[in-house]
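Q: I'm new to this one. Can you walk me through it?

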Amino acid sequence: MLFIKNGCCMDPRSGLCEEMDILIQDDKILKMGKHLEQTEFWRTVRRHELQTIDAEGYVVAPGLIDVHVHFRDPGFTAKEDIYTGAKAAAKGGYTSVVLMANTNPVVDNEETLRYVIQKGKETKIHVYTCGSVTKEMQGKDLADMDSLYKAGAVGFTDDGKPILDAQLVEQAMNLCKKLNVPISFHEENPQYISENGINAGHVAEHFGIKGSDRQAEISMVQRDLEIALKTGACVNIQHISTKEAVELVRVAKKKGGDVHAEATPHHFTLTEEAVLKHGALAKMNPPLRTEEDRMAIIEGLKDGTIDLIATDHAPHTKEEKGVSEIAKAPSGIIGLETALALGITELVAKKYLTLMELLDKMTWQPAKIYHLDAGYIAENGPADLVIFDPDCYQTFMNFESKSQNSPFAGKTCKSQVEYTISDGKIAYIQCMGFAGMED
């Protein structure tokens, strides 16, 4: 049994925000309440079995959920694998992650899907995965989405590649509507992209390339939202980067569409200027854009247009990111270990969001969209929690991810995860590292 006392419990689902004790038995929350040690109930507790955490001064929240991560397993394990990815997630306060399907082989078949799910069960957090929308992510023929769903896929996406065939997109949306699962889209039309990863503009010109025009995102978001409104499917626009795309989502929501959008911490924190400072470490798809776009994303987070914060955790090796020509470097950065602190520093401390609003977009909202029993704190509910100090400062260094590709390395931010608890067991302790997690 695990006893957490004196913490400030924050539950976005119910709006709870008060000091409370939590008693955990096995993988469930057995009891919640004020000063449990002074109640009649406490007489029934076998106290010799208790492990106690005094969370005074800390926030106790539902374990964070990231519905957009790449663990590169199978096929690209020099960058990351499911074990190291899970350790990075636990250090960042995440107890549930949803993996993308762009592995090798692609998660377009039951054998690969089962491999990912089984390996995920060997970690100390909950590892889910999407199946691919199309076979081998080629955008030509639908994968057997029905069999993938029955085998455990929690959603579908060809993330990393856009699906250019509108008729195929509509077929996929109709099937996802039938299966009652979300379908997520990487919205970049290659027609508008010369070299991806850097916004078309003065920074791209600095490197002697044309870059990625904003219309690449806008055109595909517009198309897919029109199809979403037609089909009624639950659609997630991934890693939104332009002010125009934010407005398109806003309008589609007002029309009653079951549409959602992700913002990454790097897109609400940085602009294209970061590429001048950090080089390939600030190169990602879609690229960092202008200050006007960054502020539009923050406004979308404020008014609920953007309801998810997802990291798009994308590990690459030092050698890959360190090539001399930036155009040849792969796009993407790691993000699981920096997301919560960046959200608190850039959004909460600057009064764009309350802490409860931030946690809502990192816990309850993703859980709802992906139909996960997670993202809330309640008796008989899952014992998945993060305990963090919202007021201290940390400097990002010594990432647990196998890769280290982050423009935030060396940056000091507010807040620090102290404990991550998954299925009632301590998966991470800040002062000691990983409790019971095998290397």
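A: Here is a short tour by question and answer.

Q: What should I know before I start?
A: This is a predicted model: local features need pLDDT of at least 70, side-chain atom pairs count only at pLDDT 80 or more, and totals for chains, interfaces and linings use all residues. Residues are numbered from 1 along each chain as its sequence is written, and side-chain values use heavy atoms, leaving out hydrogens and water.

Q: Which strands form the open sheet, and in what order?
A: Three strands form it, in the order β6-β7-β8, with parallel pairing. Strands here are DSSP runs of E with at least two residues, and helices are runs of H or I with at least four, numbered from the N terminus. Two strands pair if DSSP finds at least two bridges between them.

Q: Which strands are at the edges?
A: β6 (64-69) and β8 (126-129). Each pairs on one side only.

Q: By how many degrees are neighbouring strands turned?
A: By 20 degrees on average, direction ignored. The angles are between axes fitted to C-alpha atoms, taken in N-to-C directions, from 0 to 180 degrees.

Q: How many bridges join β7 to β8?
A: Four bridges join β7 (residues 94-99) to β8. Val-97 stands opposite Val-127 in β8.

Q: What else is Val-97 in contact with?
A: Setting aside neighbours within four places in sequence, its contacts include Asp-66, Phe-71, Ala-89, Tyr-128 and Leu-336. Contact means heavy atoms within 4.5 Å.

Q: Which residues touch the most other members of the largest nonpolar core?
A: Val-97 and Leu-358, out of 75 residues. Such a core is a set of buried Ala, Val, Leu, Ile, Met, Phe, Trp, Tyr and Cys residues joined through side-chain atoms within 4.5 Å. Buried means under 20% relative accessible area, exposed over 50%, partly exposed in between, with a 1.4 Å probe and protein chains only.

Q: Which helix gives the largest share of this core?
A: Helix α4 (residues 166-179), with six residues. There is also a second, separate core of 21 residues, including Val-203 and Ile-334.

Q: New topic. Where are the cis peptide bonds?
A: One runs from Asp-73 to Pro-74, with omega near 15 degrees. Pro-74 is in the loop between β6 and α1 (82-91). Another joins Asn-285 and Pro-286, with omega about -10 degrees. Pro-286 is in the loop between α9 (273-278) and α10 (291-303).

Q: Why point those out?
A: Because most peptide bonds are trans. Most residues other than glycine also have a negative phi.

Q: Which residues have a positive phi although not a glycine?
A: His-35, at about 50 degrees, is one of them. His-239, at about 30 degrees, is another.

Q: Is His-239 buried or exposed?
A: His-239 is buried, at 2% relative accessibility. His-35 is partly exposed, at 43%. His-239 is in the loop between β11 (235-237) and α7 (243-254).

Q: And α7, which of its residues are buried?
A: Ala-245, Val-246, Val-249, Arg-250 and Ala-252. They cover an arc of only 165 degrees, which puts them on the same side of α7. The arc is that of the directions from the helix axis to the C-beta atoms.

Q: What covers them?
A: The cover includes α6 (215-231), β11, β12 (259-263) and α10.

Q: What comes just after α7?
A: Gly-256, which takes a positive phi of about 95 degrees.
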